[in-house]
Amino acid sequence: MKTIKNIGLENVQAVYSGPEGDLWELVMGEQIHIGGFQSSMDLAKRAGIGTGMHGIDLCCCSGAGMRFLVKFCGVAGMRGVDATEKVVKRGHRRCKALGLNPQIRFKLANVCATGLPKGKADFVWGEDAWCYVVDKAQLIAEAARLVKPGGVVAFTDWIEGPTGMSEQETARFLTFMKFPNIQDLKGYSDLLAANGCEVQVAEDTGRFAPYVDLYLDMLNKQLTYDALRIIGFDMALMQAMGGEMVFMQQLAHAGKIAQGIFIARKSG
């Protein structure tokens with residue numbers, strides 16, 4: 001696992017409490033993860049998530065993943081945990097507007113210590129968000145604690161790709177993204193196994209490079225004004241952020257970063 005110093009929860013909260021979080025939603029949509037609806041459906045189907053189940057979404061943001069699971073997979077109830085107050089409040093409003101408050105509840109808390117009861121969830125869910133968590137070992141331990149024996153931990157995340165990044169590339173990428181560290185396929189698989197979960201899927205989705213191409217295309221061809229409005233029409237900042245996204249695009253095409261998919265079943 002590659003790591004940098006001086007990035008923590010407060011940096012992530014600042015991102016998603018401010019314009020940078022709104023900018024990510026502009027580019028990626030309400031489902032702020034690579035692949036959007038198709039990625040969610042792929043994860044749910046491969047994990048066997050369906051009608052009548054109850055799940056927990058760790059790092060749920062505004063709850064788009066939970067709304068997807070309830071509306072399209074027949075999930076009976078979801079509990080979302082996130083540490084940023086702004087997105088939790090936004091999630092409440094969006095669920096209320098869709099009449100989903102009875103099925104979806106939010107908790108403002110650290111995902112590594114949720115305070116939720118042990119072994120009650122049919123599944124624990126995450127989509128491209130665990131990369132923001134400092135203590136990934138504790139995060140996986142918490143996910144394994146929350147899921148019932150025979151239940152599933154299913155998530156996608158931004159990971160280091162097979163080519164690997166240099167120290168300089170790591171520092172630049174993690175600093176821009178406000179990631180304290182970045183795992184790889186083996187790292188997450190080892191953590192899941194160490195917490196009593198049998199890994200069934202751990203692979204690169206192959207989505208990262210084509211989707212970052214799409215996001216840059218949208219910013220350059222359609223959403224330029226909208227993005228500038230969000231950041232106060234600061235053209236210099238827009239150009240700087242664009243440069244970092246082009247750097248991220250280069251890393252993705254070189255196989256140095258990727259989106260991983262992980263599905264593991266808890267023993268018992």
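Begin with the lining of the largest pocket, whose residues divide into 16 nonpolar, 8 polar and 6 charged; here Ala, Val, Leu, Ile, Met, Phe, Trp, Tyr, Cys and Pro count as nonpolar, Asp, Glu, Lys and Arg as charged, and the others, Gly among them, as polar. This is a predicted model, in which local features need pLDDT of at least 70 and side-chain atom pairs count only at pLDDT 80 or more, while totals for chains, interfaces and linings use all residues. Residues are numbered from 1 along each chain as its sequence is written, and side-chain values use heavy atoms, with hydrogens and water left out.

To find the centre of the largest pocket, select Cys-59, Cys-60, Asp-82, Ala-129 and Tyr-132, which lie nearest to it among the 30 lining residues. A pocket is, on a 1 Å grid over the protein atoms alone, an open set of points where a 1.4 Å probe fits, with protein on both sides within 12 Å along at least five of seven lines, and lining residues have an atom within 4 Å of a point. Helix 1 and helix 4 are the elements that give two or more residues to this lining, and the largest share, 4 residues, comes from helix 1. Helices (H or I, at least four residues) and strands (E, at least two) are DSSP runs, numbered from the N terminus.

Next, select Asn-6, in the loop between strand 1 (2-3) and helix 1 (9-17). Its phi is near 70°, a positive value in a residue other than glycine, and at 75% relative accessibility Asn-6 counts as exposed, a word that means over 50% relative accessible area, whereas buried means under 20% and partly exposed lies in between (1.4 Å probe, protein chains only).

Then move to Cys-61, in the loop between strand 2 (54-58) and helix 4 (64-73), where phi is near 55°, again a positive value in a residue other than glycine.

Leaving out residues up to four places away in sequence, Gly-126 touches Leu-43, Asp-57, Leu-58, Ala-154, Phe-155 and Thr-156, where contact means heavy atoms within 4.5 Å.

Finish with Phe-173, which, apart from neighbours within four places in sequence, is in contact with Trp-158, Met-165, Phe-179, Ile-182, Phe-247, Met-248, Leu-251 and Ile-257.
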